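Student: Could you take me through one part of this model in close detail? I would like to look at the salt bridges and the charged side chains around them.

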Amino acid sequence: MTTPVRGAAVVTGAAGGLGRAIAAALHADGWAVLLTDLDAGAAATAAAPLGGWSRALDVRDETACAEVAAEAAGGTAGGLGLWVNNAGILVTGPSWEQDAATRRRVVEVNALGAMTGTLAALAVMRAQGHGHVLNVVSLAGLIAAPGETVYAASKHALLAFSLGTLADLRMAGLRDVHVSCLCPDGIWTPMLHDRLDDPGALASFTGTMLTPQRVAARAARLARRPRPVVSLPRWRGAQVRLLDALPRLALALTPVVRAAGRAGQRRQRRRAGPDRSRAHL
């Protein structure tokens, strides 16, 4: 039985890692997927087994995002049904060790880039009267992760923007246009492959190391059934929200977080073996 086409889905940062896995999961679920990435060649390679629909996209470029949204809207009978803001970068270490250009790049890609994509998609979706923006936020958007301060700040901004925009849509009477936030724990993708000896990345190794495929499967389910915020695994979301509500306790537990992160890095190093990019969890 052929799965019906749900409409067009745009995925940013889709040339590899989590973005590529999300694109594959959406394709399997019946979406016509437009894969976008800064690297046009890598995006085309990733798109080849999924219908071959790809474009180069810098998420910081407002005009380019609008053009991609318009192309996706006209690419299928269902219009633009889904926009996934996945593109992001991670910089670790104390905030005072990062120069202004680095801080600006993290915020421009992770927060402003996702805002730009969201608004480009919503311009189409509001006119259609339906659609869904799915923002990949990370658990770092729910709590200030030590060692990933600027990254966490950019993700906090994206979470606030997403939830505030969703409330604005409801106030405007748009009930069938949705914004969701997916907040996964650490994911074994190229973003973390070189972080097994990085003390600044300890927070990413304190919980459950997820595979891109597991997170992508949850993203595909969230695309079918929108929810404002979903954490993966659910217990980690509850854990970090509790710590966020009790900042003095969270600060007191910093040595515990550091020890758990180091243990997680050692565990992942054993799992990864010599070829870190091929770890099977």
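**A buried pair and its partly exposed counterparts**

Tutor: Happy to. Asp-185 counts as buried, with a relative accessibility of 6%, and a residue is called buried when that value is under 20%. Please keep in mind that this is a predicted model. The side chain of Asp-185 meets that of Arg-236 in a salt bridge, at 2.6 Å from N to O. Asp-185 sits in the loop between strand E6 (177-184) and helix H6 (190-193), while Arg-236 belongs to helix H8 (residues 234-245), so the pair ties together parts that are 51 residues apart in sequence. Arg-236 is buried too, at 7% relative accessibility.

Searching the whole structure gives seven salt bridges. One of these joins the side chains of Arg-55 and Glu-71, with an N to O distance of 2.8 Å. Here Arg-55 is in strand E3 (residues 54-56) and Glu-71 is in helix H3 (residues 62-75), so this contact ties together parts that are 16 residues apart in sequence. Arg-55 is partly exposed at 36% relative accessibility, and Glu-71 is partly exposed at 25%.

Another salt bridge brings together the side chains of Glu-108 and Arg-60, at 3.9 Å from N to O. That value falls within the 4 Å cut-off for a salt bridge. Glu-108 lies in helix H4 (residues 100-128) and Arg-60 in the loop between E3 and H3, so the two tie together parts that are 48 residues apart in sequence. Glu-108 counts as partly exposed, with 28% relative accessibility, and Arg-60 is also partly exposed, with 38%.

Taking one of them, Arg-266 lies in helix H10, which spans residues 254-272. Arg-266 is partly exposed, and its relative accessible area is 43%.

Methods:
Residues are numbered from 1 along each chain as its sequence is written. This is a predicted model: local features need pLDDT of at least 70, side-chain atom pairs count only at pLDDT 80 or more; totals for chains, interfaces and linings use all residues. Side-chain values use heavy atoms; hydrogens and water are left out. Helices (H or I, at least four residues) and strands (E, at least two) are DSSP runs, numbered from the N terminus. Buried means under 20% relative accessible area, exposed over 50%, partly exposed in between (1.4 Å probe, protein chains only).
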